[in-house]
Every structure is written in structure tokens, then in C-alpha cells.
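I am opening my notebook on a new structure today.

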Amino acid sequence: MARVIIPFPYRKYTDNEREIVIDAPDLEGTMKRLVQMHEGLNVLFEQPKLLSIFVNGRLVKVQQKDWSQISLKQDDEISLIIPIAGG
Amino acid sequence: MRERFDRYNRQILLEGWGVDTQVRLRNSRVFVAGIGGLGCPVALNLALAGIGIIRICDSDMVDITNLNRQFLHRDVHIGAKKTSSAKECLRGLNPDSGIETIDKKITSENVNELVGDAQIIIDCLDNFEARYALSQCALKKGIPMIHGAVWGMEGRVAVFQPPHTPCISCVFPSAPESECTPVLGAVTSATGSMQAMEALKFLSGRKMALSGRMLIMDFEAMKFQELELVRNPSCPICRQS
């Protein structure tokens, strides 16, 4: 059961939920399930250059096609990070 | 000497601070890029702390929609240069601090000249084009850049200091489209104050806790995430440093 932290600009797609708990063995399964649950979050993956994924504060360096290699443990925290411009 | 530093008595009392550190701050020079939501709390805290030269750069005029968060500007300043209203307010808060103003847009062509001999850059901007220019300048001059950004109830702070850390382009290689972002004054105040805190540590000879890390503050849930930033070996800005 990993926790996915939704970036603020995209919480409109999760009914303003900050964290989505997902039971999947790896990053690929988690992301697929996330989009199934909240279809609007597809926008996150439409511009892959803007998205960085961190697991427990560490950057996931593999490409999307290899996300199945990133296995997840109970209570892992997945942060979806996009650039925000506001100042 | 004592009378001159009475204003700073309560920070001089900090462990390891003393008059020597205060003298060091008085001799410091900081470049504040943008005097909007983040720039106001940054410049305020630097001025109160007794920074010698605060160079503020912004080409915008004060608009009524700024006034929910940009507290150095007032109703009477609407239509005036932001740098002018900020300077007026900052000088009133601490006449010891020298406030230099630059009413120009930051570009890759002029950034080195604008930053000049500043020892640190504080990124309080609202666009990535100028952030990338600042980052290149910081790398060229070998000085740190403290990044801040806000969106809604979220604030972010990171310290970039390549080659010891990634640069902003390693972390965000592509810029988002510009947009009118929602924001609350308390979010910019808290985030900008944290940027100022890191700058004061650097200028006083302390370690910056966020060097190579990004703090993401969710002020709605009051939960913070801490990310370890890594260099991109093919980064167009810092790969050769």
C-alpha cells in the first residue's frame, strides 16, 4: 500500500485529496491504478518532460517503460513533482 | 559600535552569531530577483537582519491584484514601480540596509551585469525563462541560488549550488506554460521567509540545510516533503561544471 502525493495543481482531479493509497507491487501498477481511479490525472503523463517521480524522497531515474522494475513496499511515499512557476 | 548594533541585539545573542557575524551581514550583498509575493518577505527579512546591500530587480508596476500578498506595496503605490515602493518601505524598516533597485526584466543577455558582485541570488520569480538565466549566471559566478515557488497552498524552497548540487535545469529541464496561479499571502510569506533564512545562514557562514534538497510545503495539510535532488549528467546548463 504505497501513498501517492498529488501535486497541488492536479488535486482538482482527485476531489482535492492530497494522498491516494494504492495497493500495487510496483511503480507501473501504481500509476496505472492511479489513473484508473482518477482519470483526469492522465494529464500528468501527457508531458513526461515536466514530471519527475520520487520514491521516499529519492528520484526515480528509469524511464516510464521500465517502471515495473521499481518495486514498492508498504508505506512507500511516491511524490509526483511538476514545475510550478508562481512567485 | 554597541549603539550601532543595538538593533540586532536579539540575533547577536544567537549561539555562534555575535557582533562579528553582524559585521559580516552588514558587508554582504544579495540579489533578489522579483519583488512580488516571495520577494517581499525575502527582502523584508534580509533588511531587518541588517544585510548591507539588497539589490532588488523587478520590471513590474504595482497592481491592485498584488496587494493580498505583496506587503511592501500599498494602495498608494498602484501604478508605481514595484522597486520604488519596496525601497521606500524597506528603508523605513531599517535605514542601515542599502537598497539598490533595478527596473529591468532579467534576460540571459543582461543577467550577469544585473547580479553584479552579489554573493547570492534569491529566485523570487514567476517564470522559468528568467530562472534558467539566473541559474546560468549563478553557475558562472560560482554563487548559490535559492529557489522559491508557490502554487495555491503549496510552497517550495531549494538551494542550487552546482557543482556541489544540481542546478534548477537538472531538476526542471522543461518550463511549464505561464499561467495566473492561485495563491494566498500567508503561503508566500512563509515560503519567502524560508528562502531568507537559508540566505542568512549562508551569509553568516552557516551551512544551508536545503543545499541540494527541495522542501515542498503543503500548507493545507501542514505536511512537508523533502526531496533529494540529483544532477543530470546531460544537463545543458551545468554538465561541464
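How many residues of chain A are in contact with residues of chain B? I find 18 residues of chain A in contact with 32 residues of chain B. A reminder to myself before going on: this is a predicted model.

**Entry: the contact side of chain A.** I asked which elements contribute here. The ones giving two or more residues to the side that touches chain B are β4 (58-59) and β5 (77-81) of chain A. By class, I note 11 nonpolar, four polar and three charged residues on that side.

**Entry: chain A as a whole.** I looked up its secondary structure and found two helices and five strands. Read from the N terminus, the order is β-β-α-α-β-β-β. Its C-alpha trace spans about 35 × 25 × 20 Å along the principal axes. I then checked the radius of gyration: a compact globule of 87 residues would have one near 12 Å, and chain A agrees, with 12 Å. Of the 87 residues in chain A, 29% are buried. Taking the contacts in chain A with a separation of 6 or more, I see that 56% join residues 24 or more positions apart.

**Entry: the core.** Next I went to the largest nonpolar core, which has 88 residues. Those with the most contacts inside it are V32(B), A33(B), A43(B) and I122(B). Helix α7 (residues 128-141) of chain B gives the largest share of this core, eight residues. Leaving aside neighbours within four places in sequence, its contacts include C57(B), I106(B), I122(B) and L134(B).

**Entry: strand β5 of chain B.** Is this strand, residues 145-151, largely enclosed or largely open? Seven of its seven residues are buried, so the rest of the structure largely encloses β5(B).

**Entry: the partners of β5(B).** Strand β4 (residues 120-123) of chain B pairs with β5(B) in the parallel sense, over three bridges. There, I121(B) has M145(B) as its bridge partner. Together, β4(B), α7(B) and β5(B) make a right-handed β-α-β unit.

With strand β6 (residues 154-160) of chain B, β5(B) pairs in the antiparallel sense over seven bridges. I find W151(B) opposite E154(B) in this pairing. The two strands β5(B) and β6(B) form a hairpin with two residues between them. In its turn, G152(B) has a positive phi of about 60 degrees.

Definitions and conventions:
Residues numbered from 1 in each chain as written. Chains lettered and ligands numbered in written order. Predicted model: local features only at pLDDT ≥ 70, side-chain atom pairs only at ≥ 80, totals over all residues. Contact = placed C-beta atoms within 7 Å. Helix = DSSP H or I, 4+ residues; strand = E, 2+ residues; numbered from the N terminus. Nonpolar A, V, L, I, M, F, W, Y, C, P; charged D, E, K, R; others polar. Core = buried A, V, L, I, M, F, W, Y, C linked by C-beta atoms within 7 Å. Buried ≥ 20, exposed ≤ 12 C-beta atoms within 10 Å, placed from the backbone. Pairing = 2+ DSSP bridges. Right-handed = clockwise from strand over helix to strand, strands pointing away. Rg over C-alpha atoms; globule rule 2.2 N^0.38 Å.
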